[in-house]
Structures are given as C-alpha cells and as structure tokens.
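This briefing is meant to be read alongside the sequence and the coordinates. It takes up confidence, helix packing and a few individual residues in turn.

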Amino acid sequence: MANSSLKILLFTLLFGISSNYSQVVFRDLRNSDQKENFSAEININSKFSEIVSLNGKWEVYPFENPEKKFSINVPSYFEGDGEFIFKKKFRISAEQIRKNKIELIFQGLNYSADISINNALIYRHTGGDIPFSVPLPRDILFSEKENVLQVSLKYEITPETTIPINKRFFFPKNYGGIFRNVFLKLSPSVNIQSLNVNSSIEFSSNRARVDIDALIENKEIQIASDTLRENQELFTLSIQIISPDGKNIVASEKRDFQLKRNKEINIKSSLLINSPSLWSPNFPVSYLIRAEIIRNGAVINDYNYSLALFELRVKDKKFKLNNSPFKFHGVTYVPTIDIYGPLTNYEQIEDDIKKIKLTGFNSVRFIKSIPPLYVLRLCEIYGLIPIIDLPLADLPEGLSESENFRTRVKDYSNLLLKAFNDYSLFVALNLGSSYLASSTEISSFLSDLASFIKQKKNLILIASFFNYDVSEIKGIDLYGIELFNNLSFNSTKDLEALKSRIDEGRIFFSEATYTISFGQSDGYVNKFTYESQAKFFEDLIKYSENNFSGFFINSMFDYRGDFSSLFFKFDEKNIYRIGLISEDRKEERLAYKVVSSYLQDTERVTIPIGSLKVDAPMVFILTGAILAFFMVLLINSGKKFKEDAKRALLRPYNFFADVRDQRIISGYQSIFLLIIICVTSSLLVSNIIHYFRSDLLTEKLLLATGSKFIISAFSYLAWNPLNSIVVLSIFFLMVLFILMLVIKAAAFFVRNRVYVTNVFFVVVWSLLPLVLFIPVGVFLYRLLITELFNTYVFIFFILLKIWLIFRMIKGIYVIYDVNPAPVYFYSFVFILFILSVLIFYFELSYSLIDNLILVLKQFRVV
C-alpha cells in the first residue's frame, strides 16, 4: 500500500492530476455478508398498508452519456462526484390504483434528485440523505403496462450550497447513490396520514397527559350511489392507549366525524394516563397508541405509534429526566462498518446498539450524519436517549449570514422533522458542531434556526462549540463543549467564567475525542496511544461526576471519512482511529475497559504510567550524515570549488558577475550541488512536516483549502519520512527546473544575451547557504518537539527563505545586466501573481478565505 501511495503521489506531482476528479466506483450488496433485512428496516405503522419493494436491479447510466448503460442493485452507493440517471420498472394493478393512496418512499439517497414517473416530474429533492415520501397521482400511473420510475441524481458536496458543506473535519464518509430502501406504500384511500403526539407529565398528581393530533384524508374516487354518499362520508376515529405489557387499555376516546372526498381533517384528542410507567434508560417501557378509522362498524384503517412516556428538560437550572437530576453518559456512533458504509444492515446496527447499552451508556449521539430511521426504535427498546445531528460543522461567519444558506438549512431541518415525526424518542436535535462561540453572526444564525424549529416541534435544541467562550443564545437549550486530545477543564478560569454566563446544568461535553496514532505502549505518558486514550476518558468521567450535565465520548467504533487526517498513520481508507472499539468490532481497547468499569461501577482497570519515548525518525540522522559526507567530498574535490563557494556565500554580486562573463564554473560540481541542495531542502521540510503531524491547527488550515489531495499528500509525507525526503527532493528539482525556464523566458525582454548555463548557475549557487543547514536537519525535529524555541525557529526559516529569494533576484539582475529595481519589482509581481492565482482558485472552488478566517478565530490567532 505504501509503494502504491508513493507512485500515485509522484504521478500527481509530475502531471498535476488531482484526486478531486477520481473515477466513480459503485458498490452494492451482491457477494456481501451485509444482506438486507427489508422487513425489519421498514416501520409499517398500519396493518392495512401494503408495501411494494422497488429494491433490486436498476438500470443506470451517466447523465451526459446515455449510451453507457449498466445494471446496479439498489440499495447501493458510489464514491466520487457524479450525475447519473437511475431507472426502475414496476407494475401495479388497476384495483391497487383505485382503492389506495400510493406513496413513493426513499429512505436514503444522496445528494439532490429529480424524480419522475412515466416521464412526469413529480418531485425535486433539494439535497441530503434524509428519508422522504412522495404521493403518486393516480392519473400518471399505468395499470395495463409497466411504469417507469426515473431518478436523476447528482452528487457533489460544495462549500456553500450543500449540507454538509465541503469542509468536513472528522465527518463520516459521505456517499452518493440510492443507498437505502425504495418502496411503494399503499394505504386505504381513507387513511390516517399522520399522528402528532405530545405528552406532558404532572408529577404532583402522578398522571400524564397525551395530546394527539390526527391528520385524516379521504382520497376515494367513487361512491356506490348518491343515496349512499352521506353514509360513506361518516366515520369514527377510535384512539386507544395500551399499557406497556399489552394487556390493558389505559385510556381511550372515540370521535365521530364527516369527511368528504378529496378533503382532509385534523382531529385533536387529549387523554390522561393515571400512575404512568415512565420510560428511562434503566426502564425502557413504551405504551402503544392505536388509532383506528371505523366506517359502518368496520375498521378500514389504523395507525400505531409507540409512545415512550418521559420528560427530559432543564428545570431549576438542572438537567432532569422525569423530574430527577440526569447526566449524559453518552457515546457518539456512526452506523457504518468497513466498506459497506450506508449499506450496513439492520442486524449489525442492532448489535452495535446492544453493545453501546451493555457498555453502560445511557445516551447515543449520531454524529454529523443522518442515521436510518429505525435506530430510534432500537434506542427506545434498549434504553438509550438519542441525539440527532444536523450535519453542520465549522460554519464560516460569512456563510451563516447568507439568506440563501439559512433557507437551505431550514428546508433541510423541515425534512428531518417530518422524517422522524413517528418516533417519540426524537426529543433532542443538535444544530451542528464546532461553532465559533464568540461570533455574533453565528449566534444570530443559531437563534434564527432555533426559532424556526421550535415553531415546528418542541425539541431540546443543542449547539456544540469549538471553545468555551460561549454566551447564552436565544432558543438554545443545551450547550456542548468539544474536547480534542486535551482536557480543557484543566483551565479553571475559563470554565468558571463559562459557568457564570450559562447555568451549569445546561452545559455538557458534547464531543470528547482522543486520537490513536501509535497503538499500544508501556504507559499513558506517551501521547496518542491506547493507554493515553484510556487516561483521557478516565479523567473526563471523573471530572464530569461533579461538573456539568455529562459527556459524550467520541466514538464507540472507528469509522471512515472523506478526508485524510494528520492524526493517523497514512491510510488510503481514511479510517479515523478514535473509537473505544476498532472498526471491525474485534478489538476492545483499553479505553473501552476503563470506561465500562466506571459506567457499570465495577472493579477499576489499571492504566500503566510508563516512560516517555521520543519517536524521532532515524532516517533524518542517516540522511543528514549522507549529505554531510557527500558535501565534504564535493568541497575537497578541488581548490576552485572552495573558492567559488566562498565567493558565492560572501560576495555574491562578484560571483554572479563571473557567471555573466562566462568565467569557468564546473557544471558537474554544480549539478552535484543542486542535488545536495534539493535533498537538504527536503530534509528540513520533512522535519517540519513530521513535527506538524497530529497538530489540530495545521489540519484545520489544510482542510480550509477543501482539497482532499493536499491533506492526503501532507498526511502521507508527515507519516513516511523516508518517502517524504524522496518525493520532496524530486518536487524541489521540478520547481527549480520550472524556475529556470521562467528566468530564461524573461531574458527575452533584456538586451544582454543570457545563456541557459547562466540561469542554471544562478539558481543553484544562490541557494548555496542551504547546505550550511545539513546538521540542522539531523536534530531539527528533536528541537521542535521540546516546544521551547519553536517561534524563533520558524521566524528564522522565514527570514532564511526571504534571504534566499533576494540572493536569487540579485543573481538575475546581474546576469541580465540591468538596473536592480525593475527586476525586484517584476519578481515580486510574479510571486504575487502566483499566490493570487492559487488563492483565487481555492476561493472560487472552496471559499478559502472565509474558512481560513474561521480557523484563525477558532484558535484565537486573530
């Protein structure tokens, strides 16, 4: 894998091929152990409904190339940006069309899609993998021949027009395609379209009130005769609440109503339950609400709703569940495994939920992605409070002010609210992560979004922040603080200030992440190991016992992302090794055992302290020694070289004048010197890159470019020092060669004749001072990890770079034999032009400037 990665990286550097234009690859469940369980994944809330699966073989072809057709099984997904046409043929009888309301349901596709039936556009899905349904008009369906369902699907994640946006730090991998079930739902023409259920608990009187709003529609298309019309439009709505054991009806009500054809009606009921059994993580019991439509004494439609009766709220400045103090003992979870991504099946996800519960957690956050609907039912059964995330993070201030973006987020939120409406455990929604706490623009965005959602549904709204200078925001109920590889609660002053601004019961650690770079070691003093991860979470749990409203450990299992990360050894799979358990579910790490022992209050697990080990790569020392050896050989190769080197260092003007006047300088020695300079440069840069691996600020800055290739290349070089030296040496040779061509081309504008050899000698010998830093390349990394002189070191290298640029410009104007001022001017214009082109490209493609400003503000640089 390392060799193939090196070849790809070299090829990209040589020919400028970006990985952003990678080939689209499809994957489905054929020849897989992740077989679908269709019946388990579909929530059929009525025995009168019929399901017609549209899973299976679909015809697919690229939007721009209809001739290139192929078959793919749905559910399936593809990797890479693309626009495809999906087609599926299905039959439906005349009786089914006449007697039923027919809905087309997609449980997950990504990203945007135009949906047509028999060439009639019926729905435009604006984006995201949220489940949605589309009613099918009877007049466009065929009974005598096959119907054709067409989905024109486009997948491309952008910096401003999609949710999530392009910059995605530790986001689960995002896929295109139709990757969950597709089916037709046939319901009786007179049916209960939805039940909106709200409950409240009166603890003083030990009873619960359940408010039910039933939306009923009549889509019948014919009546037997006019004389029977009135009787056919008279109905009774029966509502029963059945006890958790299924044996008793604890409350009921019947309401007569009239409903004419092509009309709908809302019927509201309010029922009381005495001495209710309250749902909690320790006692996960649920009532069943059964609503039935009765006509002429016969039940013609029903609707079942599972009701977990509980109250979760902030009360008396404390976070409470069922009127008792409550703390989140939570973990984040991404319902994917291995290469299957969103195709991960029901059985696997149920096993994961069981594992989370058995570990001792009482809540689960589905982080930065939309889970399958049925996971909320699994949480209700096994006793976990779920938090659903809007997949937003690191939102730039400028984008948060955009009315178009705000509208898009509201539309997305509205789809999400509709999708999860049938689940009583859907009580908490996180509006996003890594928000800039001190920004008035972000506060305005969150307040506006919270107001919109509260009007739709009374949810506990959460916002998660990158740092802890948070102030109260209207509409936000809970405030999450993110921890990444360090425990910010060691900063007592900042936390006490936070508590003075927001009630302590409304604050929790929403995302505690610790990355594993090295695996097992002899103790927790060594960073990024299993032992240090275990110590990190142990300290988190201890602190949370007496502070705030709990924590969420990130995460239960390793998972994959779209972007490489500097925190892990380079892996083309982009596996984020942050879980308590490995991605394949086979390795329970030390942190899992430690966390489980605290949550279940069993015997504590000992975490060894160990001794600190320095991971300085030997290749830096060996490369430095080899360079020094060959430099000594070069110096001793002749007296003339020593004199040239001395003059080039101390009297560069005179040396470059000799170059212009064609004085004898050895070409072979200069070529050898060029190689040493390039390898020395790569040695110094590799030291610095290796130091910046596992650095959060560096990763966020690289992500601000939006380029997968840039961060992948940096990660690969940072974790492979030997390959880094080789690749960067070749890269610097290429850059210098291109620079020589530019200098030679610019010589056409001067009267003096400039030879290729003149340009070559100027470029090589102007960089001669770099060879003096060969010894620095041996110990630079060790110096940087002491964190004592880093500021001075980086300032020195910046000044060195500027000095080398001035030396090269001096050589250019000497061989051009012109006044220095124009050369300095045009040189800096050229540099500014190159930088401007790069900035313009990344700004146009990835909103670079807004993202850079956000990162700098997050780290309080500006």
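The structure is a predicted model, and the mean pLDDT of the protein chain is 91, with 94% of its residues at 70 or more. Over residues 11-22, however, the pLDDT is below 50, although this stretch has 14 contacts in the model beyond near neighbours in sequence. Where pLDDT is low, the predicted coordinates should not be read in detail.

- In helix α21, which spans residues 774-785, the buried residues are Ile774, Val776, Gly777, Leu780, Tyr781 and Leu784.
- An α-helix has 3.6 residues a turn, so residues three or four places apart point the same way.
- Among the elements that cover the buried residues of α21 are α13 (618-635), α16 (667-692) and α22 (790-816).
- After α21 comes glutamate 787, which has a positive phi, near 60°.

**Packing of α13 with α19**

- Two packed helices are described by the angle between their axes and the distance between the axes.
- For α13 and helix α19 (residues 721-746), the axes come within 8 Å of each other and cross at roughly 40°.
- On the α13 side the contact is made by Val619, Phe620 and Thr623, while α19 contributes Pro721, Leu722 and Ile725.
- By residue class, this contact of α13 with α19 consists of five nonpolar residues and one polar residue, with no charged residue taking part.

**Two individual residues**

- Serine 49 is placed in the loop between α2 (38-41) and β2 (50-53).
- The relative accessible area of serine 49 is 15%, and this residue is therefore buried, the cut-off for that class being under 20%.
- Leaving aside residues up to four places away in sequence, serine 49 touches Ile44, Lys185, Leu186 and Ser187.
- Glutamate 347 belongs to helix α5, which covers residues 346-359.
- With a relative accessible area of 33%, glutamate 347 is partly exposed, since that class lies between the 20% limit for buried residues and the 50% limit for exposed ones.
- Glutamate 347 and proline 172 are 175 residues apart along the chain, and their C-alpha atoms are separated by 20 Å.

Terms used. Residues are numbered from 1 along each chain as its sequence is written. This is a predicted model: local features need pLDDT of at least 70, side-chain atom pairs count only at pLDDT 80 or more; totals for chains, interfaces and linings use all residues. Side-chain values use heavy atoms; hydrogens and water are left out. Buried means under 20% relative accessible area, exposed over 50%, partly exposed in between (1.4 Å probe, protein chains only). Helices (H or I, at least four residues) and strands (E, at least two) are DSSP runs, numbered from the N terminus. Contact means heavy atoms within 4.5 Å. pLDDT is the predictor's confidence in each residue, from 0 to 100. Axes are lines fitted to C-alpha atoms, for helices over the stretch in contact, and angles run from 0 to 180 degrees between N-to-C directions. Ala, Val, Leu, Ile, Met, Phe, Trp, Tyr, Cys and Pro count as nonpolar, Asp, Glu, Lys and Arg as charged, and the others, Gly among them, as polar.
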